[in-house]
Amino acid sequence: MKKLIKGKTENKKKTEKTVYKNRHLGLKVGMIVTAAVLFALLGAWYYISMNYTVNTVYVEGNAHYSDEEIAERIMKGRLGHNSIYLKVKYRNQEIENIPFVSAIEVEIVTPDTVRIRVYEKSFAGYVSYLGRYMYFDRDGTIVESSEMKTAGVPEVTGLKFDHVVMYEKLPVENESIFARILDITQSLGKYELKADRLFFDREYKVTLYFQDVRVQIGDSSSIDEKFSRLKSILPELEGKSGVLQMENITTDSRIIPFQEDKNK
């Protein structure tokens, strides 16, 4: 009986010793693997840091901000100049902290060169209110407030409202005016015209301002014909001040009256 117990004890010790050796070996293997992985990660990080540091930046699609301003706004922080980090960070991500910008994409051209594509918010126009410029979209909803003017977005005057609330429609009497504004701004873009201001009178007839030239468009009739003719006429009026009367022109109109200001 004592021999049997002694044998069991010896077998148990051998088993425990084997388990201990296996655990010790497994621990060593785990440490080696972990060290190898860490070494590989450090090597990869060193390679990426040395070879994917941005030296050249191309910016596309920006109108409100300069190339330098866009680069400065997104390439900040410890990893802000790493091209891989920028590509991952700005993949399918909406932008909330840069006014006038809805989205940004970063493309790696070469390891040290990136192309930044800027997608700016679409505006139909803006109104001035309490010293700020309130930008609205095609539906008349205020989507941005700024102390800066955006190139290519006309100011809209003549509309009557007593308050402005962000992300709500501009409270005007006739909301159909926003469809007209959008129609006008799209036509301006189609014919590569840049009006400084749109003015609506009490009957919602519109006058466009191009520096010192006021163009009376009137209602929406024959608007395509009006803008087509306007594109060829404006260069002839450069440096002049006065009113171009286009309210009643049609495809058959031969003469478009221009009344020059007498005090100019």
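1. Helices (H or I, at least four residues) and strands (E, at least two) are DSSP runs, numbered from the N terminus. Helix H4 covers residues 177-190 and contains Ser 187. The model is predicted: local features need pLDDT of at least 70, side-chain atom pairs count only at pLDDT 80 or more, and totals for chains, interfaces and linings use all residues. Residues are numbered from 1 along each chain as its sequence is written, and side-chain values use heavy atoms, with hydrogens and water left out.

2. Ser 187 has a relative accessible area of 9% and is therefore buried (buried means under 20%, exposed over 50%, partly exposed in between; 1.4 Å probe, protein chains only). Apart from neighbours within four places in sequence, Ser 187 is in contact (heavy atoms within 4.5 Å) with Ile 223 and Phe 227.

3. Ala 124 sits in the loop that joins strand E3 (113-120) and strand E4 (125-129). Its relative accessible area is 1%, so Ala 124 is buried. Residues up to four places away in sequence not being counted, Ala 124 touches Phe 136, Asp 137, Arg 138, Pro 154, Ile 181 and Thr 185. A C-alpha separation of 9.0 Å is found between Ala 124 and Ile 184, which are 60 residues apart along the chain.

4. Asp 67 belongs to helix H2 (residues 67-74). With a relative accessible area of 36%, Asp 67 is partly exposed.
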